[in-house]
Amino acid sequence: MVTTAGLDIVQVSASDMDNFSYLLYCPTSKVGAAVDPSFWPERLLAEAKKRGVTIEILFNTHGHRDHVAGNAAILAETGARLAAHPLDVEAADIPVSDNQTFKLGEGALTVLHTPGHSPGSICLYTGDALLTGDTLFVTRVGRADLAGSDVEALYHSLRRLAGYPPGTRVFPGHDYGPVPASTLAYEQEHNPYLRCPDLASFIRLRLDVS
Ligand SMILES: [Fe+2]
């Protein structure tokens with residue numbers, strides 16, 4: 001667990017597909033948000049209950065099944081409102097947009113619209129931390145060959161993330177790397193997709209074309 005500007009971050013293993021869910025909360029007020037409940041939403045609920053956290057908002061980083069499968073369970077149990085980008089999740093109570101900020105008790109987070117893996121992919125920024133969904137993983141990045149993917153948009157979204165301070169912590173949507181979380185400095189050194197010098201080389205690497 002990492003404390004970032006009023007919001008604590010709890011990373012939760014959430015499926016046998018290496019998904020991560022997250023609980024974000026203000027340690028003072030215990031007001032919180034859940035992110036991507038995946039297939040084991042009971043784990044998120046247990047983490048919230050253990051800490052006395054009230055989940056007021058449920059975020060989806062994007063609309064893929066392995067991230068939203070547990071939405072109904074979380075919403076039914078908590079009465080939270082669902083927040084997601086309308087390009088990926090049409091039924092959201094709160095259709096989010098780029099740079100939208102949400103207060104959670106004494107802390108806050110900001111939504112970054114980061115299309116590429118999917119049209120409505122978002123990242124969440126709080127304190128010194130980025131929750132990167134399927135846009136950026138430890139030493140990898142999201143697929144860009146799926147229906148709705150856009151490899152050029154993914155490149156530009158990653159360039160945007162790479163512009164945050166090097167010490168920014170990275171909390172990905174899957175446990176695909178040698179460590180469950182990292183920093184942008186770590187990714188700049190170890191992630192070959194962030195080391196591509198230009199769009200053309202990124203497209204070649206990501207789509208594996210010669
Ligand atoms: Fe995905």
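Modeller: A residue counts as buried if its relative accessible area is under 20%. This model is predicted.

Colleague: Is His-117 buried or exposed?
Modeller: The cut-off for buried is under 20% relative accessible area. His-117 has 4% relative accessibility, so His-117 counts as buried.

Colleague: And Asp-134, buried or exposed?
Modeller: The same test applies: under 20%. Asp-134 comes out at 5% relative accessibility, so Asp-134 is buried.

Colleague: Which residues coordinate the iron ion?
Modeller: The distances run from 2.2 to 2.3 Å. In sequence the donors follow H-x1-H-x52-H-x16-D. They are His-62 (NE2), His-64 (ND1), His-117 (NE2) and Asp-134 (OD).

Colleague: What is the geometry of the iron ion site?
Modeller: Four donors count as tetrahedral if all angles lie between 85 and 135 degrees. For the iron ion the angles among the four donor atoms span 87 to 177°. Square planar needs all angles other than those of opposite donors between 65 and 115 degrees, and opposite donors over 155 degrees apart. The site is classed as irregular.

Colleague: How many aromatic pairs does the whole structure hold?
Modeller: A pair is described by the distance of the centres and the angle of the planes. Ring centres must lie within 6.5 Å. The search of the whole structure gives a count of seven.

Colleague: What kind of pair do Tyr-22 and Phe-171 form?
Modeller: Their ring centres are 5.9 Å apart. Planes over 60 degrees apart count as edge-to-face. These planes stand at 75°, so the pair is edge-to-face.

Colleague: How many residues apart in sequence are the parts tied together by Tyr-22 and Phe-171?
Modeller: Tyr-22 belongs to strand β3 (residues 20-25) and Phe-171 to strand β14 (residues 169-172). Tyr-22 is buried at 2% relative accessibility, and Phe-171 is buried at 7%. The separation in sequence is 149 residues.

Colleague: What angle do the planes of Phe-59 and Phe-102 make?
Modeller: The ring centres lie 5.1 Å apart, and the pair is edge-to-face. Phe-59 is in strand β5 (residues 54-59) and Phe-102 in strand β8 (residues 101-104). Phe-59 is buried at 0% relative accessibility. The plane angle is 90°.

Colleague: Which ring does Arg-140 lie over?
Modeller: A charge over a ring needs CZ of Arg within 6 Å of the ring centre. Arg-140 is at 4.6 Å, over the face of Tyr-176.

Methods. Residues numbered from 1 in each chain as written. Predicted model: local features only at pLDDT ≥ 70, side-chain atom pairs only at ≥ 80, totals over all residues. Heavy atoms only, no water. Phe/Tyr/Trp six-rings, centres within 6.5 Å; stacked < 30°, edge-to-face > 60°. Helix = DSSP H or I, 4+ residues; strand = E, 2+ residues; numbered from the N terminus. Buried < 20%, exposed > 50% of the residue type's maximum accessible area, 1.4 Å probe, protein only. Lys NZ or Arg CZ within 6 Å of the ring centre and 35° of its normal. Donors = N, O, S within 2.8 Å, 3.2 Å for Na, K, Ca; no water. Tetrahedral: all angles 85-135°; square planar, octahedral: opposite > 155°, others 65-115°.
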